[in-house]
Amino acid sequence: MITVVLGTQWGDEGKGKVIDYLAEDVDIVARYQGGANAGHTVVVNGRQFIFHLVPSGILYPDKVCVIGNGVVIDPVSFLEEVSYLKDNGIDVEGRLFVAENAHITLPYHKLLDQIEDRFRGKGSLGTTGRGIGTTYADKFNRVGIRAVDFLDDDIFRNKLDIALELKNYLFREYYKEKMLNKDKIYEEYKEAREGMKGMVRNTSLYLHDEVEKGRHVLAEGAQGTFLDIDFGTYPYVTASNSISGGACTGLGVSPKKISRIIGVVKAYTTRVGMGPFPTELDGEEGDNLRKTGNEYGATTGRPRRCGWFDSVLVKFACMVNGIDELVMTKLDVLSGQEKIKIGVAYEFGGEIHNDYTFNSKVFSNCSVVYEEMVGWCDDIGRVKEYRHLPANAKKYIERIEQLIEVPISKISVGSSREQTISK
Ligand code: IMP
């Protein structure tokens with residue numbers, strides 16, 4: 001059986017904590033897309049862990065973690081994470097696997113990502129600069145290097161040759177940058193190739209066999225629905241399919257094996273990087289949410305843009321992902337707000353839009369139709385049962401459920417595992 005967990009907004013919904021919470025009841029946690037652009041923060045017994053590539057399920061000593069073929073892997077970042085885990089007493093031996101057919105991010109991907117985003121000028125996407133889009137571009141351009149190729153001496157050298165021929169031409173002729181040296185990269189990555197050797201395998205076969213044996217797999221998406229390459233706010237998106245469908249192509253599992261889809265939704269909205277954001281709050285209101293919610297990127301440290309909950313977006317996310325239930329995070333951050341708003345529709349050119357639209361003219365320039373609700377002042381960080389939440393907090397949750405037509409089954413009111421309420 002496979003359960004998929006993913007973000008329903010622009011990422012940073014708090015999936016790390018939710019996955020960590022859900023991981024207790026599964027056997028395997030498998031990541032299906034994204035790369036070292038993601039940042040999952042988990043707090044266990046007062047200790048904070050930030051993961052970029054390794055699924056946060058690794059914190060449970062009996063869980064197996066898989067990095068699927070849909071993920072792009074920066075070996076340096078990956079092995080740093082592995083040694084950080086080892087230094088913290090977490091043994092990954094025999095329980096952390098990387099897909100043979102996952103693509104590898106190399107120095108030229110990162111360099112090109114940063115240069116390209118600079119050259120976009122006014123159209124800059126504000127990428128994380130981790131070489132994500134450029135690694136996926138090479139994959140689709142069929143000049144990528146997969147983990148299985150990376151480990152094979154001859155294949156790696158050959159593929160590096162072909163890839164660098166193209167990249168160095170771009171660096172030299174177009175971007176007027178220094179060229180990269182193939183032998184230097186080859187030497188620099190010797191240790192990383194050695195380090196990854198025991199972990200690379202056919203994870204599609206492995207997952208298939210484990211599911212057949214009755215094991216429960218939690219498939220985790222990184223980023224969020226509106227950063228999805230097809231369904232997000234293109235071009236201000238990441239370069240992979242973060243929606244639930246991505247779990248099948250990013251892990252090599254059959255859609256028939258997926259039995260549950262859980263969405264993670266923040267009690268308000270945030271976004272990092274460029275792109276339209278209808279319910280964004282400028283000025284003091286946005287600053288206050290950022291401060292209270294500690295809204296700074298776990299990967300780049302960039303301040304996140306903050307705004308009100310947008311039910312139009314989340315409703316679409318529930319539809320496109322087929323979400324069965326939602327986990328709402330960071331409700332505690334809204335405590336102390338006198339009035340809380342929910343975006344319920346967009347208005348553009350005198351027309352009301354009740355649905356999310358791919359028309360960037362509308363989505364970038366619309367004004368938002370809001371419903372206003374009365375807030376609550378109590379500190380809710382210690383509340384353990386739904387019925388003990390302030391009445392106005394319950395009204396807020398229940399109104400959102402009505403608007404998006406999907407139940408909210410759990411509510412997180414703080415960063416630790418224990419601060420999770422079942423509804
Ligand atoms: P890229 O994924 O580095 O190519 O960046 C593309 C866009 O996705 C940028 O706006 C990033 O800020 C955003 N992005 C990428 N990963 C994350 C994430 O994990 N959380 C939130 N935003 C992200």
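This is a predicted model: local features need pLDDT of at least 70, side-chain atom pairs count only at pLDDT 80 or more; totals for chains, interfaces and linings use all residues.

Biologist: How many residues surround the ligand, and which are the closest?

Modeller: One begins with the shell of residues. Here 16 residues surround the ligand, and the closest are Asp12, Asn37, Thr128, Thr238 and Arg302. By class, the shell divides into seven nonpolar, seven polar and two charged residues.

Biologist: Which polar side-chain atoms lie within reach of a nitrogen atom of the ligand?

Modeller: A polar contact is a pair of N or O atoms within 3.5 Å. Asp12 places a polar side-chain atom 3.1 Å from a nitrogen atom of the ligand, and Gln223 likewise has one at 3.1 Å from a ligand nitrogen. As for cover, the ligand taken alone exposes 470 Å², of which the protein buries 96%.

Biologist: Turning to the strands, why is strand E3 described as largely enclosed?

Modeller: Buried means under 20% relative accessible area. In strand E3 (residues 40-44), four of the five residues are buried, so the rest of the structure largely encloses this strand.

Biologist: In which sense do E3 and strand E4 pair, and over how many bridges?

Modeller: E3 and E4 (residues 47-51) pair in the antiparallel sense, over five bridges. Val42 stands opposite Phe49 in E4.

Biologist: What lies between E3 and E4 in the hairpin?

Modeller: Two residues separate the strands of this hairpin, and Asn45 in the turn has a positive phi of about 50°.

Technical notes: Residues are numbered from 1 along each chain as its sequence is written. Side-chain values use heavy atoms; hydrogens and water are left out. A residue is near a molecule or strand if one of its heavy atoms lies within 4 Å of it. A polar contact is a pair of N or O atoms within 3.5 Å; within protein, one must be able to donate a hydrogen and the other to accept it, and residues adjacent in sequence count only if both atoms are side-chain atoms. Accessible areas come from the Shrake-Rupley method with a 1.4 Å probe; for residues, only the protein chains shown count as cover. Ala, Val, Leu, Ile, Met, Phe, Trp, Tyr, Cys and Pro count as nonpolar, Asp, Glu, Lys and Arg as charged, and the others, Gly among them, as polar. Buried means under 20% relative accessible area, exposed over 50%, partly exposed in between (1.4 Å probe, protein chains only). Two strands pair if DSSP finds at least two bridges between them.
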